[in-house]
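Reader: I have a structure open and want to learn how to read it. Can we go feature by feature?

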Amino acid sequence: MLKVLEIEHLTVDYPGVRALDDVSFTVNEGDFLGIIGPNGAGKSTLFASMLGMNTKYKGKIKFFEIDIKKSKDYLKQIGYVPQKPIFEKNFPATVIDVVRMDLRKESEKNKIDEILQQLWIHELGNRRIGELSGGQQQRVFIAKALVNNPKLLILDEPVTGIDQQSTDLFYSILKELNSKQKITIIWSSHDLDAVKQLANHIACLNRTLFFHGESDEFFKNDELVKQYSEASMQEHMHHH
């Protein structure tokens, strides 16, 4: 089985704080990995390291069996959807412009059409991105991430601040991408119910990795779920 991602002994230090401590896990082709953990657990640091935005780490990160410090080619096979992108209301680009930004082959124009239909935003193609709702904007960013047929989709808390109806649609789209198009997905979320429904594997992060395995194994273990909830509550109290 192809290993899409291998992380070995990943440690990241910022001045005066260890953000990630000796984290190791593997993601295989076809997996749907939910990454959970309280705020400040190191999820964003993990993503920044994986995507080459943070190069000051100890340990090893490999995509498709190639060390990311040796080649940046892996980025071509990855689609990335960040947390809610911010747009000016009158930003001039249309939906089609935004999706086309990442298109590497001009011959793939009809691909844009196909993806917009798949994500239920076809009729919005000529609308300005700044005029759309949060849920619609987020689907545009999935379209942008999918336009080059990635093997892997990485999503960083993609439904923050989006209404429930859009969130449900968003999740059903992810499920379909994973089950029908066989796209491997790595997704961080605070929504345990959604993670339980969608992800087949879980990585529970709180600076160290305190669980990595099958989703059922995590959710059937009351002790683990309790530990996770307590860590999240403490972090929440700490911030207020």
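Author: Start with burial. Buried means under 20% relative accessible area, exposed means over 50%, and partly exposed lies in between (1.4 Å probe, protein chains only). Now the case: lysine 144 has 18% relative accessibility, so it counts as buried. Its place is in helix α4. Helices (H or I, at least four residues) and strands (E, at least two) are DSSP runs, numbered from the N terminus.

Author: Keep the ground rules in mind. This is a predicted model, where local features need pLDDT of at least 70 and side-chain atom pairs count only at pLDDT 80 or more, while totals for chains, interfaces and linings use all residues. Residues are numbered from 1 along each chain as its sequence is written, and side-chain values use heavy atoms, leaving out hydrogens and water.

Reader: Which residues does lysine 144 touch, not counting residues up to four places away in sequence?

Author: Contact means heavy atoms within 4.5 Å. By that rule, lysine 144 touches Val98, Val99, Met101 and Asp102.

Reader: How do I check a helix such as α5?

Author: Compare its length with expectation. The expected span is 1.5 Å times one less than the number of residues. Helix α5 (residues 164-179) has 16 residues and should span 22 Å; its end C-alpha atoms are 22 Å apart, which agrees.

Reader: Which residues of α5 are buried?

Author: They are Ser166, Thr167, Phe170, Tyr171, Ile173, Leu174, Leu177 and Asn178. Seen down the axis of α5, they fall within an arc of 160°, so they line one face of the helix. That arc is taken from the directions from the helix axis to the C-beta atoms. The face turned away from the buried side carries the exposed Gln164 and Gln165. What covers the buried residues includes β3 (32-36), α3 (109-118) and β7 (152-156).

Reader: What should I know about phi?

Author: Most residues other than glycine have a negative phi. Now look at two cases. Glutamate 65 has a positive phi near 70°. Its place is in the loop between β4 (58-63) and β5 (66-67). At 49% relative accessibility, glutamate 65 counts as partly exposed. Tryptophan 120 has a positive phi of about 60°.

Reader: Where is tryptophan 120 found? Is tryptophan 120 buried or exposed?

Author: Tryptophan 120 is in the loop between α3 and α4. With a relative accessible area of 60%, tryptophan 120 is exposed.
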